[in-house]
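Subject: Handover of a structure and the findings from it

Dear colleague,

Please find below the structure that I am handing over to you.

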Amino acid sequence: MMGPMAVNVAVLDDYQSVARESGPWDELGDAVELTIFHDHIAEADEDALVDRLAPFDVIVAMRERTPFPRALLARLPRLRLLVTTGMGNVAIDLDAARERGIVVAGTGGVVTATAELTWALILALARQIPREDRSVRDGGWQETVGIDLAGRTLGIVGLGRLGTRVARVAQAFEMETIAWSQNLDPAVAAAAGVSAVADRDELLSRADVVTIHLRLSDRTRGLIGAEELARMKPGALLVNTSRGPIVDEPALIEALRSGRLAGAALDVFDVEPLPADHPLRTLPRTILTPHLGYVTRATYAVFYRDAVADIAAWLRDAPIRVLNFPVTD
């Protein structure tokens, strides 16, 4: 496809410096010249991004860490293949890529990882583990009184593969599990041992813990705003491991400041990385993690294995897992 010259491949945002060891890059042999970047360039610094990315024929993006809007793609004339980890990425303008002849391909993933982190956050909130850990290290002892989960109600917003896994664990903790989403089939919920509720307001008013498991879209952006947060039980907990903009961030900050919410655990934010001066960083009753839901060794192994396979298939003029072109036989 590219002639005798090696194809320049960039792997972006390898924060933990594990991309090379996580994927079988050697399988590509001399066909590619691989460059791995460990630092992050913010979307706002478009000129710096262009300077970095312009020499590459292929770019492997880690989820939405680096967005690829139309304006950026227009300034990358050499780019021919853009691989995103996962089989969907709202930060890539698929139409603009198609118009420019850029193939966008995805990878498989591991559904268990985010469900496990969700429970780590729920338990950490309920028993205030970060605060007690800091207290012990500072010489203190027993500052808080925890919340029992048994007998409480978990409200799951979005009962897909991930939400269903979260529900199974809730049942093991002897929690009542209820769920809502805009197209939830009550029979599907019942098969998972979950009660489907009629609307979002009912879920928010009944749940002691609300956990969000939806894709970000125009329909879900701002789904949980000031009015919805006000309908939650006093003392309720909110967990978001999906996407930051599903919850109105200023409204959430106000609900936490006022004490209306007993706590929130957030793995996702409107802007990532979270700005150093962001008010969430100093807000009480919060647990913040840096978008770790998918960051596990097993997930990375699948991401980078499939990224290598995507590149190899594209080099053979037979791209696979294509997200932005019609699939033809």
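A residue is called buried here when its relative accessible area is under 20%, exposed when it is over 50%, and partly exposed in between. Please note that this is a predicted model.

Salt bridges

By this definition aspartate 306, with a relative accessible area of 7%, is buried. Its side chain meets that of arginine 305 in a salt bridge, with a distance of 2.9 Å from N to O. Arginine 305, by contrast, counts as partly exposed at 43% relative accessibility.

In total, the count comes to 21 salt bridges. Side chains of opposite charge can pair when their charged atoms come close. Another of these pairs is formed by glutamate 64 and arginine 63, whose closest N and O atoms are 3.7 Å apart. Glutamate 64 is buried at a relative accessible area of 18%, and arginine 63 is buried at 11%.

A further salt bridge joins the side chains of arginine 70 and aspartate 93, at 3.9 Å from N to O. Arginine 70 is part of helix H3, whereas aspartate 93 sits in the loop between strand S4 (81–84) and helix H4 (94–99), so this pair ties together parts of the chain that are 23 residues apart in sequence. Arginine 70 counts as partly exposed at 40% relative accessibility, and aspartate 93 is also partly exposed, at 23%.

Helix H2 and strand S3

Helix H2 covers residues 46–53, and its residues Leu49, Val50, Arg52 and Leu53 are buried. Seen down the helix axis, the buried residues of H2 fall within an arc of 165 degrees, so they line one face of the helix. They pack against strand S3 (58–61) and helix H3 (70–73).

In a regular strand the side chains alternate between the two faces of the sheet. From S3, Val58 and Val60 point one way while Ile59 and Ala61 point the other way, and all of them are buried. S3 pairs with strand S1 (residues 7–11) in the parallel sense over three bridges, and alanine 10 stands opposite isoleucine 59 in S3. S3 also pairs with S4, again in the parallel sense, over four bridges; here alanine 61 stands opposite threonine 84 in S4.

Strands of a sheet pair through backbone hydrogen bonds, either parallel or antiparallel. In this model, seven strands form an open sheet in the order S8-S7-S6-S9-S10-S11-S12, with parallel pairing. Strand S8 (195–196) and S12 stand at the edges with a single partner strand each, so one side of each is left without a neighbour in the sheet.

Strand S9 (residues 209–212) pairs in the parallel sense with S10 over four bridges, and the bridge partner of threonine 211 in S10 is valine 239. Four bridges likewise join strand S10 (residues 237–240) to S11, and the two strands run parallel. Among the paired residues, leucine 237 has glycine 263 as its bridge partner in S11. S11 is in turn joined by three bridges to strand S12 (residues 286–288), which runs parallel to S11; there, alanine 264 has threonine 286 as its bridge partner.

Which faces of strand S11 (residues 263–266) are covered? Both are covered: Gly263 and Ala265 on one side, and Ala264 and Leu266 on the other, are all buried.

Together with helix H11 (residues 249–258), strands S10 and S11 make a right-handed β-α-β unit. H11 packs on the sheet, where it touches S10, S11 and S12, and its direction makes about 140 degrees with that of S11.

Leucine 154

Leucine 154 lies in strand S6 (residues 153–157), and it is buried with a relative accessible area of 0%. Leaving aside residues up to four places away in sequence, leucine 154 touches residues including Trp119, Ile122, Val166, Met175, Ile178 and Val209. Thr211 is also one of its contacts. The C-alpha atoms of leucine 154 and methionine 5, which are 149 residues apart along the chain, are separated by 56 Å.

With kind regards

Definitions and conventions: Residues numbered from 1 in each chain as written. Predicted model: local features only at pLDDT ≥ 70, side-chain atom pairs only at ≥ 80, totals over all residues. Heavy atoms only, no water. Buried < 20%, exposed > 50% of the residue type's maximum accessible area, 1.4 Å probe, protein only. Arc of directions from axis to C-beta. Contact = heavy atoms within 4.5 Å. Pairing = 2+ DSSP bridges. Right-handed = clockwise from strand over helix to strand, strands pointing away. Salt bridge = Lys/Arg side-chain N within 4 Å of Asp/Glu carboxyl O. Axes fitted to C-alpha atoms, helices over the stretch in contact; angles between N-to-C directions.
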